[in-house]
Every structure is written in C-alpha cells, then in structure tokens.
Amino acid sequence: MTALTPRQRVKANAALSLIALHGHNPRAVQNAAKARMAEGYPAAIAYTKALEAFALNVPSMRNTLEIALELVGKSDDATLSKYDAALNHYNATGDEGQLEGLAPMIVEDAKALAIRNGDATEADTLYWDIQSALGVTEEAFSAEPYQPEAQAPAEPAAPQPSSFQFGNPSQIAPTAQPQQAAQAPLGYLQSEMGYRPRPTGEQARREAGVPLGGIEYIKTEMGYRAVPTGVQARREAGVPIGSDA
C-alpha cells in the first residue's frame, strides 16, 4: 500500500480541515479513506474516493475542496510548509488563528490560479476575500451539530471519475474495483455527475426546499437556509472570533 507523499498529506489535511470548518464530520471522511486503504487501495486513491463520496453527499462543498486541493498541489515548497504548519496547529488545538493569518496569501494565490486557468479576469478578482477565493457558499455550512461517530459518507455502487486532483486512478487496486452497473442501483439516483445516494429523511426534505423541524429557518431569495448559530452566527454578525474575541 502506497502512503501519502508530504504534499498529498497536506492536501488531505486541507480538505479535512475545510470540512470541519464548515460544520461537517471530517472523521467520517477519514474513516472512509482508512477503510479503503484496508481493502488495498493506495492512500491517495483512498482519499480521492472518500472525498468524492463526501462531495456527492454535500455537493455545495465540491468547488471549495477542488480549489483548495489545486492550490496545495501547485504551491511552491515554502508555501506548502506554511500550509502544513497552520493545518497541523489547527488540527492539534482547534485554533483557527494561523489559518486566518494565511488568508491574504491564499487569496492572492487563488486569484493568480483563477486568472491563469481562465476562470476569472483581474477585474473579476479585484475585490475577492477568502470566501470568494475558495468559492465558499452559505449552502456548504452544515445546520447539523458535529457528530464524531456519524456514519461515513455513502459511496455510489459504480466507480466514478473524480474531479479531485489527488492521485492517479490507474493505481487503484484491481481487487478493490467495484462492479460496473448498467443502470442506477437500488437506492441511488443517476445524474450528469454519475450515481449519487438517493436522499432520505432530512436530506430529502432539504433538497426539496422544505424547512426541517427542530431547526429555525429563514427564507431568502435563494430559498430556505438555516438560521446561523454559534461561531457561524458570530461570524455573520461581525463579532470577533478566536484570539481577537
């Protein structure tokens, strides 16, 4: 089994940290990757599959994760070292201070990357902040409390090409490849992106735009959204967070 390279390890930590910062469960994604490694997948492919499964369940985070992984992948060694130190500090302490300190650098790097890729012009990026740079949307924030023991994200029954630049798909262990399916398996929906688990319960109601019981909602031009609480509410109200509080 091939372990993560130092750069791939920073990619994994960046993705897991962003998942946590959005109120989702990074441990479930990490456990899904470990389970794949136990099946014989190289670590890079295992994390690719785990992140792809997560993005199928939380599509509003796909763009942010893609941008973050591409930024890490194309950073020079000095920048990579800064990312590594800040991510390790956040994972060890929960303190976002060092990550917030890197925000200006991340914005400038994201601007340069978007312009180079033809995704934006200099005029488009003139007033970008960290949310704009990473493609952060309100829909990506979880309205559910953090559940460390939550079940790992569901995976489609058929293999899917991943948009995450993490590893070489040709490295997938032959014994671990899922069986191809001619039609959507039971419990899955087929879309332009491939198969995704059929939403149930609260997720199905959320996708249908129906407010969920037990959670206070407000209606906006974009539809319903959960009333922010905790850190997210303080952030939207402009209240200092962390060491500046």
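Visitor: What joins the side chains of R36 and E39?

Guide: In this predicted model, the side chains of R36 and E39 meet in a salt bridge, with N and O 2.6 Å apart.

Visitor: Why is R36 called buried, and why is E39 called partly exposed?

Guide: R36 has a relative accessible area of 13%. Buried means under 20%, so R36 is buried. E39 has a relative accessible area of 42%, which lies between the 20% limit for buried and the 50% limit for exposed, so E39 is partly exposed.

Visitor: How many salt bridges does the structure hold?

Guide: The structure holds 6 salt bridges. One of them joins the side chains of E70 and K74, at 3.0 Å from N to O. E70 is buried because its relative accessibility is 15%, whereas K74 is partly exposed because its value is 45%.

Visitor: What makes E108 and K111 a salt bridge?

Guide: The closest N and O atoms of E108 and K111 are 3.6 Å apart. The limit is 4 Å, so the pair counts as a salt bridge.

Visitor: How are E108 and K111 placed in helix α7?

Guide: E108 and K111 are 3 residues apart in helix α7, and are therefore separated by about one helical turn. E108 is partly exposed because its relative accessible area is 48%, while K111 is buried because its relative accessible area is 14%.

Visitor: Why are α3 and α4 called roughly antiparallel?

Guide: The axes of helix α3, residues 43-57, and helix α4, residues 62-73, cross at roughly 150° and come within 9 Å. Angles over 145 degrees count as roughly antiparallel, and α3 and α4 are therefore given that description.

Visitor: Which residues make the contact between α3 and α4?

Guide: On α3 the contact is made by L51, E52, F54, A55 and L56, and on α4 by R62, L65 and L69. These residues divide into 6 nonpolar, no polar and 2 charged.

Visitor: How do you know that L71 is buried?

Guide: L71, which has its place in helix α4, has a relative accessibility of 8%. The limit for buried is under 20%, so L71 counts as buried.

Visitor: Which residues does L71 touch, not counting residues up to four places away in sequence?

Guide: With those residues set aside, L71 touches I106, D109, A110, L113 and L134.

Visitor: Where is Y41 found, and what makes it buried?

Guide: Y41 is found in the loop between α2, residues 26-38, and α3. Its relative accessible area is 0%, and the limit is under 20%, so Y41 is buried. The C-alpha atoms of Y41 and A3 are separated by 9.9 Å, and the two residues are 38 residues apart along the chain.

Visitor: Why does A120 count as buried?

Guide: A120 has a relative accessibility of 12%, and since the limit is under 20%, A120 counts as buried. A120 is found in the loop between α7, residues 103-117, and α8, residues 130-134. Leaving aside neighbours within four places in sequence, A120 is in contact with A114, I115, T125 and W128.

Visitor: How many helices and strands does the protein have, and what share of its residues is buried?

Guide: The protein has 10 helices and 4 strands. From the N terminus on, the elements run α-α-α-α-α-α-α-α-β-β-α-β-β-α. Buried residues make up 37% of the 245 residues.

Visitor: What share of the contacts with a separation of 6 or more comes from residues 24 or more positions apart?

Guide: Such residues account for 64% of those contacts. As for the surface, the protein exposes about 13700 Å², of which carbon and sulfur atoms supply 53%.

Terms used:
Residues are numbered from 1 along each chain as its sequence is written. This is a predicted model: local features need pLDDT of at least 70, side-chain atom pairs count only at pLDDT 80 or more; totals for chains, interfaces and linings use all residues. Side-chain values use heavy atoms; hydrogens and water are left out. Helices (H or I, at least four residues) and strands (E, at least two) are DSSP runs, numbered from the N terminus. Buried means under 20% relative accessible area, exposed over 50%, partly exposed in between (1.4 Å probe, protein chains only). Contact means heavy atoms within 4.5 Å. Axes are lines fitted to C-alpha atoms, for helices over the stretch in contact, and angles run from 0 to 180 degrees between N-to-C directions. Angles under 35 degrees count as roughly parallel, over 145 as roughly antiparallel, 65 to 115 as roughly perpendicular and the rest as oblique. Ala, Val, Leu, Ile, Met, Phe, Trp, Tyr, Cys and Pro count as nonpolar, Asp, Glu, Lys and Arg as charged, and the others, Gly among them, as polar. Accessible areas come from the Shrake-Rupley method with a 1.4 Å probe; for residues, only the protein chains shown count as cover.
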